Structure formats: structure tokens, C-alpha cells
Amino acid sequence: MKRLLSFIITVLVLTAVMAVSTPGLLDKVRLGLDLKGGFEILYQATPSEQGQQLTRASLLQTAAALEKRANVLGTSEPEVTTEGTDRIRLKIAGVTNEAEVREKMKDPAVLTFRSAAEGDPEGTYSKIELVGSDFVENAATVGRDNLNQIEISIKVKDKDKFAEITKRLLGKKLAIYLDDTKLSDPEVRAVLTEGTASISGNYTISAARELADTINLGALPLKLTEKYSQSVGATLGKQSLDDTIRAGLIASVLILIFMIGMYRIPGLVASFALILHTWLLILVFVLADFTLTLPGIAAFILGIGMAVDANIITNERIHEEMRSGKSIMSSVKAGSKSSFRTVIDSNVTTIIVAAVMFAFGTGSVKGFALVLIVEILLSIATNLYFARWMLNQLVKAGKLSKPKQFGVKESEINAL
């Protein structure tokens with residue numbers, strides 16, 4: 001009775017949790033451009049100045065600069081990732097003007113230090129004194145002065161040039177611009193001959209760090225060359241998603257009918273484990289903030305197919321044991337044990353292949369491999385261990401005591 005009660009409570013609790021949470025989880029799944037529409041560009045980054053090297057740090061910071069530029073365009077949740085040693089992939093949803101995106105993204109962020117020219121209105125600065133390439137890369141840092149006030153320290157390449165500028169602008173303001181946006185306009189308080197300067201003001205620590213990062217981003221002389229682009233309309237993306245969901249639902253219903261028809265109550269248990277497996281995968285997508293794409297859905301469906309295969313192998317082994325004349329309990333134990341090694345070996349080899357794809361692949365190949373690995377791990381947990389536990393609970397509770405409840409006919413059983 002305790003085993004039967006634990007089985008019933010487990011099924012009821014899990015069913016209630018899945019029924020209540022599934023609609024909210026589906027709404028939170030982040031869709032890729034191929035499902036919701038958008039624009040994708042793959043850039044190759046190279047130094048724009050002779051003699052400079054392209055490092056991993058500069059590539060990452062250039063990617064961050066692109067993301068900030070995408071945010072300025074007002075797009076929703078731009079996705080910027082680095083690939084290899086010199087490539088950056090940009091994905092933007094809801095783009096209506098591709099030409100504007102290309103024009104805005106392709107040029108490196110232009111950092112300039114400006115002074116007020118004759119005739120400039122109050123608070124505007126048009127005379128360019130220094131540009132981003134005049135500054136040492138990643139040299140802007142946040143610290144505190146002698147009065148414990150927050151300041152941003154910067155370093156220039158040409159000390160003499162900087163000394164001449166600060167001498168000429170002593171007592172005046174030297175504004176900092178990124179593209180055409182004024183970041184700040186500190187006052188020059190001394191002639192600076194060491195090639196270093198500090199920017200002070202009423203900054204919070206977070207604002208100062210953001211300003212330092214922005215200065216560093218603007219100082220990176222990376223040239224971006226477009227290697228590949230793809231545009232997916234919102235209507236086409238929605239149609240792809242709708243068609244995929246419809247096909248998935250039809251296939252799932254047919255699979256469940258097949259499992260129950262072939263294996264009766266064990267098939268029903270396996271079907272419940274498959275539903276739990278699918279719900280857990282959606283939960284992982286939401287919690288890990290994965291992006292669902294068409295290759296990801298392909299891996300999703302492939303993983304479900306492997307889970308179904310695992311259940312079929314297990315139930316067929318149980319059938320073979322019953323047909324040999326063994327008892328129900330012995331057949332379940334022997335069949336589960338003999339199928340376990342086969343299923344695990346199959347899953348492990350697939351994980352190895354997916355791991356290689358993830359390690360050496362790029363873009364959608366990595367996404368496919370990652371989803372497949374997660375799928376297999378969840379399948380082992382649900383369709384091997386959990387389904388076996390549920391079946392054992394029913395057998396030990398005495399509720400599965402006849403071969404026909406497993407889909408085996410009496411006439412197929414051989415006497416020992």
C-alpha cells in the first residue's frame with residue numbers, strides 16, 4: 001500500500017506542477033531569430049593600425065561595444081557573441097532598417113577629446129584634440145584621489161602632445177565624446193606632462209566604471225569586416241515556429257499512442273516519463289536562459305526520439321524475459337538490468353559526439369550540440385531511473401501481476 005501511495009502521490013504532484021507552470025514557462029522561453037524574425041551579422045575583426053595585435057580581451061571588449069551600439073538603436077535584447085579568435089556574431093530581433101544597422105555597427109567606436117572652438121554655444125565642443133587611437137588600450141581605470149573622491153585615470157601614448165593640449169586649455173574644459181555623445185566635460189586643472197590624467201566629478205562607483213569601460217572601448221582600434229548576414233522576417237519566423245510546434249504535437253501524440261498500445265501499463269509509465277522529460281527540458285531552457293532556435297528544436301526532437309528508443313529497448317527486454325517463462329518481478333529486474341548497459345552506452349557515445357561538436361563547432365552547431373547533451377542527461381534521469389522506479393513501485397505493490405498488462409500474450413510464454 002505504501003508503494004502504491006507513493007506512486008500515486010508522485011504522479012499527482014508532478015502532474016499538478018507541470019499543468020500549472022507550463023504556460024508560464026513557454027512564455028519565458030527566449031526564441032532565436034529564425035523563430036521570431038530579425039537580423040544577423042558575422043564580423044571578422046582586425047586591428048586598424050599597423051603593428052597592433054588582436055587579443056582575446058580586445059575582441060571581447062569590441063563585442064561589448066557592439067552590444068552598446070545595438071542598445072542605442074532601441075532594438076530588443078541584442079545578442080553578441082565571439083567566435084574563434086577574430087569573429088563576432090551580432091543578432092538583433094525586430095530590425096526594420098537593415099542598412100541603418102550595418103552603417104551603425106561596422107565602424108569602431110570613435111572616442112574623442114574635444115575643446116570649445118570659437119563660436120561654439122555653451123556646453124558644446126567641436127574642436128577635436130585627441131582621438132581614441134591616441135590612448136593606451138585598456139588604460140582607463142577607476143580609483144580614488146587623496147580626498148577619497150572617485151576618479152578615472154587615463155594614459156596617452158604621446159606625452160608631449162598631451163602636455164601641450166593641457167597647457168593650452170588650462171582652466172578650460174576638455175570634453176570626452178564617444179561618437180557624437182558627450183560623456184563628460186572635466187576642467188583642466190594643471191599642465192600634465194607624464195602622459196596621465198584623471199577625470200573627477202560627482203561619479204558613483206558604477207558610473208565611473210561604466211565611463212572607464214566606455215573610454216577603453218573607444219580606444220580599441222578594431223576594424224570590422226562583414227563576412228555573412230542573414231535576415232528573417234517576423235512572419236516567416238512565426239510560421240516556422242507554428243509549423244514546428246504542430247509537427248511536434250502530432251508526433252508526440254502518435255508516440256504516446258504507440259507506447260501505450262504496445263506496452264500497456266509500462267507504456268503508460270514511459271509516456272509519463274517522456275512528458276516529465278519534456279517539461280524539465282523547457283524548465284532548463286528558462287532557468288539557463290538558453291535561446292531556442294530551429295537547430296535547437298531539431299536536437300530537442302532527436303533527444304525525444306532517443307528517449308523513446310530507451311523505453312522501447314527496456315520494455316522489449318522485459319517482454320523477452322517474460323516469454324522465457326520468468327515471473328513478473330524477475331522479468332522486470334532482468335529486463336531492466338540487461339537494457340541499462342545498452343542504453344547507457346548509446347547515450348554516452350552520443351554525448352561524446354555532441355561534446356566534440358560543441359568544442360569545435362560555431363553558431364547553430366554549438367546550440368544543437370548543447371541542447372542534445374542536456375536532452376540526453378535529462379533522458380537518463382527520467383526515462384531510465386525515474387521510469388524504472390515507477391514501474392518497480394507498481395510491480396512490488398502487486399498492481400502489475402499479469403503478462404497481458406505488459407502487452408505479452410499468454411500463448412507467447414514458454415514453460416520453463
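This briefing describes salt bridges, helix packing, a surface patch and selected residues of one structure. The model is predicted: local features require pLDDT of at least 70 and side-chain atom pairs count only at pLDDT 80 or more, while totals for chains, interfaces and linings use all residues. Residues are numbered from 1 along each chain as its sequence is written, and side-chain values use heavy atoms, with hydrogens and water left out. Helices (H or I, at least four residues) and strands (E, at least two) are DSSP runs, numbered from the N terminus. Buried denotes under 20% relative accessible area, exposed over 50%, and partly exposed the range in between (1.4 Å probe, protein chains only).

**Salt bridges**

- Side chains of opposite charge can pair when their charged atoms come close.
- A salt bridge is taken as a side-chain nitrogen of Lys or Arg within 4 Å of a carboxyl oxygen of Asp or Glu, and the count by this rule is nine.
- R89 and E83 are joined by a salt bridge at 2.5 Å, N to O.
- R89 is buried because its relative accessible area is 10%, and E83 is likewise buried, at 10% relative accessibility.
- E40, E83 and R89 are linked in a network of salt bridges.
- Between E129 and R168, which also form a salt bridge, the closest N and O atoms are 2.8 Å apart.
- This pair links distant parts of the chain, 39 residues apart, with E129 in strand β6 (residues 127-131) and R168 in helix α5 (residues 159-168).
- E129 counts as buried, at 8% relative accessibility, whereas R168 is partly exposed, with a relative accessible area of 34%.
- R168 forms a salt bridge with E164 as well, where the closest N and O atoms are 3.1 Å apart.
- Both R168 and E164 lie in helix α5, four residues apart, about one turn of the helix.
- E164 is partly exposed, since its relative accessibility is 41%.

**Helix packing**

- Two packed helices are described by the angle between their axes and the distance between the axes.
- The axes of helix α8 (residues 294-323) and helix α9 (residues 328-360) come within 7 Å and cross at roughly 150 degrees.
- Axes here are lines fitted to C-alpha atoms, for helices over the stretch in contact, and angles run from 0 to 180 degrees between N-to-C directions.
- The α8 and α9 crossing is right-handed.
- A crossing is left-handed if the near helix is turned anticlockwise from the far one by less than a right angle, and right-handed if clockwise.
- The contact of α8 with α9 involves nine nonpolar, 10 polar and two charged residues.
- In this division Ala, Val, Leu, Ile, Met, Phe, Trp, Tyr, Cys and Pro count as nonpolar, Asp, Glu, Lys and Arg as charged, and the others, Gly among them, as polar.

**Buried residues and chain contacts**

- I41 belongs to strand β2 (residues 38-47) and is buried, with a relative accessible area of 0%.
- The C-alpha atoms of I41 and R89 are separated by 5.8 Å, although the two residues are 48 residues apart along the chain.
- V374, in helix α10 (residues 364-396), is buried, with a relative accessible area of 16%.

**Backbone geometry**

- Most residues other than glycine have a negative phi.
- R264, which is not a glycine, has a positive phi of about 55 degrees.
- R264 is found in helix α7 (residues 234-287) and is partly exposed, with a relative accessible area of 40%.
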